[in-house]
Structures are given as structure tokens and as C-alpha cells.
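Please read the following note alongside the sequence and the model. The points are arranged by topic and may be checked one at a time.

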Amino acid sequence: MNIYEIINHFGEERSGYEGSVSPPIFQSSIFSFESVDDMRQSLKRELETPFYTRGYNPTVATVRKKLAALEKAEDCILFASGSAAIAAAAMHCVAQGDHIISVAKPYSWTTTLISKLLANYGVESTFVDGTDVANFRAAIRPNTKLIYLESPNSLTFEMQDLNAVSELAKQHDVITICDNSYATPLNQHPIELGIDIVVHSASKFIGGHSDVVAGVLCSSKKIVAEILGDEFMTLGGIISPNDAWLLNRGLRTLPVRVEKVRDNSFKVLEMLEAHTKIERVLFPFSKSHPQVELAQKQMKPCGGLMTIYLKTNDVQKVEEFCNSLNLFLIACSWGGFESLQFPMCALGESRNYQHELPVNMIRLYIGLEDPELLIANLEQALEKV
Ligand SMILES: *Cc1c(COP(=O)(O)O)cnc(C)c1O
């Protein structure tokens with residue numbers, strides 16, 4: 001199916017809601033029945049039909065269908081956050097005594113999940129440099145049940161060869177999960193490369209307007225049914241119908257937004273890489289990125305996030321640069337309409353960042369603004385360095 005067919009029409013049952021072009025928000029926790037037998041029949045399919053909104057809601061169902069189709073997966077579950085999706089996926093794959101191999105430096109709360117929460121339940125883990133598949137091979141133990149990937153990661157953009165890692169995992173009967181938030185379901189298809197479960201923070205590009213926190217999990221019908229029946233229903237980290245509606249609205253423009261963000265990113269990148277006040281720029285599609293060939297092999301060109309190192313170690317100068325960069329809001333997250341900056345020198349003692357990060361390191365998110373304005377804004381701030 002063509003992506004615009006999916007985004008505009010798939011899963012929308014307009015004839016069922018009076019031709020409404022924008023789907024209604026089924027803001028109802030429960031659904032009622034005409035007879036006892038109707039209820040009895042519905043209860044048999046509680047997770048596939050209106051009964052109770054934790055299990056099934058029609059507004060949520062529309063978006064599940066679209067995201068599964070975009071991700072080339074059989075089915076999809078939506079969650080209250082990306083972290084909820086990641087936790088449900090990982091918990092599904094392991095039990096006490098099992099072992100996880102995770103790529104080094106995944107999203108910060110994913111690190112906490114694996115190295116602390118799951119460890120509390122007797123799950124072992126090894127974090128490996130994911131740039132070489134041999135490191136995964138060397139870490140496999142008899143009790144390894146899960147390989148957790150995030151490609152690229154959202155700060156330093158290391159990538160894993162998804163096809164090679166999934167083949168290795170299959171040989172050892174190990175499940176693979178990949179966080180695909182960076183590339184979106186449009187620009188990288190891990191399931192086609194053999195990955196079992198794909199997760200997203202929909203708070204980023206999919207929502208796209210910095211107004212919703214949500215998560216996505218895509219997989220086979222079998223795995224989705226198992227997770228729905230166990231982790232999803234018991235932990236209950238569901239998305240609200242209203243937030244699902246916002247995701248549907250975000251999806252309408254996802255292709256044009258990611259395209260514009262990519263074009264803007266390449267323009268900003270060119271200027272930054274040539275600038276004398278910049279020590280280096282990290283970006284997966286930069287010619288200077290050590291894995292640029294892998295980026296081109298397994299993703300379509302995309303962008304948004306890049307990390308710069310200023311040519312100074314003076315925190316005062318770094319702060320002066322950041323405070324002058326007024327078109328880039330100082331904030332966490334990314335994937336919205338607006339450009340952002342996340343200076344590592346703001347992290348301080350924040351307990352969730354275990355890695356030593358240099359003070360001159362700043363993550364930028366390039367939004368939908370006029371690229372000439374963004375470049376001029378960066379240039380005037382760089383003069384302060
Ligand atoms: C933001 C993010 C998450 C967490 O998603 P939330 O929706 O904030 O819970 C996970 N992975 C990556 C790569 C992220 O950027």
C-alpha cells in the first residue's frame with residue numbers, strides 16, 4: 001500500500017461515523033450491549049472489539065492499523081509513552097535467569113530498565129559496542145534471550161547492522177527489539193531486515209508537534225497478541241483516545257515534515273561542518289560519520305538530530321553560545337515543528353546520565369523553520385565562542 005493511502009484512509013471507517021473526514025474521538029471508557037449474549041460474545045474478543053478502553057478503543061484501533069502498515073508489521077500496540085512500549089517489549093522477552101545483550105548507550109531510561117529494573121528480577125545484561133556485529137556474537141550466552149538495539153541512537157548516532165544482528169539472533173533463537181524512533185516508520189524498516197519487535201517514541205516525529213507523549217510497538221500478530229494479553233493489559237500503560245487522535249493527526253503530515261526536516265538538516269550540517277568554531281559534528285549521513293555507508297544501506301536519508309562540539313572547553317562560552325541561539329528552544333526531546341538545543345553542560349548531576357559527556361557537546365534538533373534563519377541564528381551565536 002502506498003504510504004499516503006495508509007495515512008489518509010487506511011483504518012478509517014468513515015461510513016460508520018456519518019462520513020466524518022476526521023475520525024471521532026471515542027472518549028468512552030466502556031461500551032454497552034443490547035443483551036447479555038452480546039456482552040458474552042464481546043467478552044470473548046475483549047482485545048479486538050469495544051468492551052473496555054484499556055483493551056480496545058476504536059480511535060486507538062485506527063492508529064494501530066496505520067502504524068502497523070507503515071512499519072510493515074502485522075500488528076501494533078500504542079502506549080502512554082515510548083518508555084512504556086520499550087518496557088512491555090523487553091519484559092515480554094525475558095524471565096528470571098535470562099540474559100539480555102543491549103547495544104551500548106541506548107535511550108537513558110532504557111538503560112535504567114535493563115540495568116536496574118530487570119536486574120531486580122534476576123535478569124542479567126551485557127552492553128556492547130554495536131558498531132561491530134562480532135561484539136554481539138561474543139556476548140551470547142546459553143541464557144541469552146534478547147538482543148536490544150537502537151539504531152541510530154539519538155545522541156551520538158552509532159548504528160547497528162540490523163540485518164546482520166537479526167541473522168545472528170535467529171541462529172541462537174534470540175528475540176530482537178529495535179528502537180526506530182530516529183528514522184520513523186518511513187525511513188527504516190527493521191522488520192524487513194529481520195528484527196522481531198520495533199518500538200518508537202511517538203512523542204517525537206510521529207506526534208510531531210510537541211504536544212503528546214506516546215509509544216508504539218510493532219510486531220507479528222502472535223507476539224502482539226501475547227504482549228496485549230500479558231504486559232499491556234496488566235501494566236496498563238495505555239494511550240488515551242485523545243492522544244491517539246493527536247497521533248493520527250500527526251501522521252497526516254509525517255512524510256512532508258520528515259522531508260523538510262531532512263532538507264533543513266543537510267543545509268545546516270553543511271554550514272556547521274565548514275565553520276571554524278565547530279570542533280566536530282555528529283550526524284549519521286555526514287561524510288565524516290564512520291558508519292555513513294551503513295546509514296545509506298539501511299535507512300533512507302533522514303535527519304533532524306545532530307550533535308555539535310564547540311571549539312572551546314569553557315562552560316561560560318558554551319552557555320553564552322546557547323543563550324544567544326534564541327531560535328533553538330532550550331529543551332529536551334525532538335521531532336516537533338520547532339528547532340531545539342540540548343546542551344550537555346545542563347545535565348549536571350542528573351542521575352539518569354551515566355556517561356561522562358563533555359561540556360562543549362550540544363545536541364541540536366533542526367525543525368521546520370526557514371533554514372536560512374536557522375543558519376544565521378547559529379552563525380551569530382558562534383561568533384560568541
Ligand atoms: C524519547 C525517546 C524514548 C522514550 O520515549 P518517551 O515517549 O519519552 O517515553 C525512547 N527512545 C528514544 C530513542 C527516544 O528519543
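1. Helices (H or I, at least four residues) and strands (E, at least two) are DSSP runs, numbered from the N terminus.

2. The model is predicted: local features need pLDDT of at least 70, side-chain atom pairs count only at pLDDT 80 or more, and totals for chains, interfaces and linings use all residues. Residues are numbered from 1 along each chain as its sequence is written, and side-chain values use heavy atoms, with hydrogens and water left out.

3. Is helix H4 enclosed or open? Nine of its twelve residues are buried (under 20% relative accessible area; exposed is over 50% and partly exposed in between, with a 1.4 Å probe and protein chains only), so H4 is largely enclosed by the rest of the structure. Among the buried residues are Gly82, Ile86, His92 and Cys93.

4. The whole structure holds nine aromatic pairs. Rings of Phe, Tyr and Trp (its six-membered ring) pair if their centres lie within 6.5 Å; planes under 30 degrees apart count as stacked, over 60 as edge-to-face and the rest as tilted. Phe205 and Trp334 make an edge-to-face pair, with 5.5 Å between centres and 80° between planes. Phe205 is in the loop between strands E6 (197-201) and E7 (215-219), and Trp334 in the loop between strands E10 (329-330) and E11 (340-343), so their pair ties together parts 129 residues apart in sequence. Both Phe205 and Trp334 are buried.

5. The pair of Phe266 and Phe285 is tilted because the ring centres are 6.3 Å apart and the planes stand at 45°. Phe266 belongs to helix H11 (residues 254-274) and Phe285 to the loop between strand E8 (278-282) and helix H12 (292-298), so this pair ties together parts 19 residues apart in sequence. Phe266 is partly exposed, at 30% relative accessible area, whereas Phe285 is buried, at 9%.

6. Which residues do ring pairs link into a cluster? They are Phe157, Tyr182, Phe205, Trp334 and Tyr365.

7. The charged end of Arg280 sits over the ring of Tyr309, 4.4 Å from the ring centre. A charge sits over a ring if NZ of Lys or CZ of Arg is within 6 Å of the ring centre and within 35 degrees of the ring normal.
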